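I opened this model to look up its nonpolar packing and its surface. My notes follow.

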Amino acid sequence: MPLATEKGHVTDWPGYIGATVGLLILIALVYWLMRQGWNWRRTLQSDLPEPPAVPAETGPALLAAPGRYHGSTTAGNWLDRVVAHGLGTRSLAELTLTERGLLARRPGEADLWIPAAALTGARTDSGIAGKVVPSGLLVVGWTLGDRALESGFRLDAAEGHDDWVEAVEALVTRTKTMKTEEAAT
């Protein structure tokens with residue numbers, strides 16, 4: 001019985017390195033295309049006005065809760081993310097509802113202030129901006145310029161979403177009543 005003097009070729013390093021480099025190039029290309037799409041969307045939404053600045057005094061809090069901001073979309077289209085002015089960036093958020101409006105303090109991002117006059121309503125939903133959350137989201141409707149938008153928030157205590165919907169709806173009703181009374185005088 002002859003002894004085997006040849007060693008088997010165990011590893012094909014050039015093939016592995018080539019496949020790895022090819023995969024890394026593919027990942028970089030996909031990332032670059034996603035970034036280009038984000039920038040293109042921002043360019044298309046450049047006519048959207050800047051959100052209002054947070055006032056020096058927002059008033060006493062009606063409700064406050066920590067949570068997460070999931071982004072904003074055009075009203076009625078939960079997949080049409082608004083990316084202009086940082087509205088498309090997901091972040092942690094500290095929500096505060098006052099008689100003057102809704103404040104979302106976002107660490108690392110510009111704070112979002114929605115004046116009471118701009119609020120149009122609130123509801124709970126399971127998704128926004130391509131993000132589906134089975135336990136639900138608080139979706140707040142508002143206007144920015146002449147555009148109707150919706151912003152999605154996920155409170156740390158999701159059972160509080162219904163309280164927020166009621167409070168926002170009550171604020172919208174009070175604001176509309178005050179506008180009507182001011183117009184009548």
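**Entry 1, main core.** I started with the largest nonpolar core, which has 30 residues. L87 and F153 have the most contacts inside it. I noted that this is a predicted model.

I then listed the elements that give two or more residues to this core: β1 (61-74), β3 (91-98), β4 (101-105), β5 (112-115), β6 (119-128), β7 (131-144), β8 (147-155) and α2 (161-184). Which of them gives the most? I found that α2 does, with 6 residues.

I looked up the contacts of L87, leaving aside its neighbours within four places in sequence. L87 touches L48, P51, Y69, G71, S72, V82, L112, W142, L144 and L149.

I checked the length of α2. At 1.5 Å a residue, its 24 residues should span 34 Å. The end C-alpha atoms of α2 are 35 Å apart, so the two values agree.

Next I listed the buried residues of α2: H161, W164, V165, A167, V168, L171, V172 and T175. What do they pack against? I found β1, β3, β4, β6, β7 and β8.

I turned to the surface and found a nonpolar patch formed by L23, L24, L26, I27, L29, V30, W32, L33 and M34. Together they have about 930 Å² of accessible area.

I picked out M34, which lies in helix α1 (residues 13-44). Is M34 buried or exposed? Its relative accessibility is 58%, so M34 counts as exposed; the cut-off is over 50%.

Technical notes
Residues are numbered from 1 along each chain as its sequence is written. This is a predicted model: local features need pLDDT of at least 70, side-chain atom pairs count only at pLDDT 80 or more; totals for chains, interfaces and linings use all residues. Side-chain values use heavy atoms; hydrogens and water are left out. A nonpolar core is a set of buried Ala, Val, Leu, Ile, Met, Phe, Trp, Tyr and Cys residues joined through side-chain atoms within 4.5 Å. Buried means under 20% relative accessible area, exposed over 50%, partly exposed in between (1.4 Å probe, protein chains only). Helices (H or I, at least four residues) and strands (E, at least two) are DSSP runs, numbered from the N terminus. Contact means heavy atoms within 4.5 Å. Patches are made of residues with over 30% relative accessible area and no salt bridge: like charges are joined within 9 Å, nonpolar side chains (Val, Leu, Ile, Met, Phe, Trp, Tyr) within 5 Å. Accessible areas come from the Shrake-Rupley method with a 1.4 Å probe; for residues, only the protein chains shown count as cover. A salt bridge is a side-chain nitrogen of Lys or Arg within 4 Å of a carboxyl oxygen of Asp or Glu. The expected span of a helix is 1.5 Å times one less than its number of residues.
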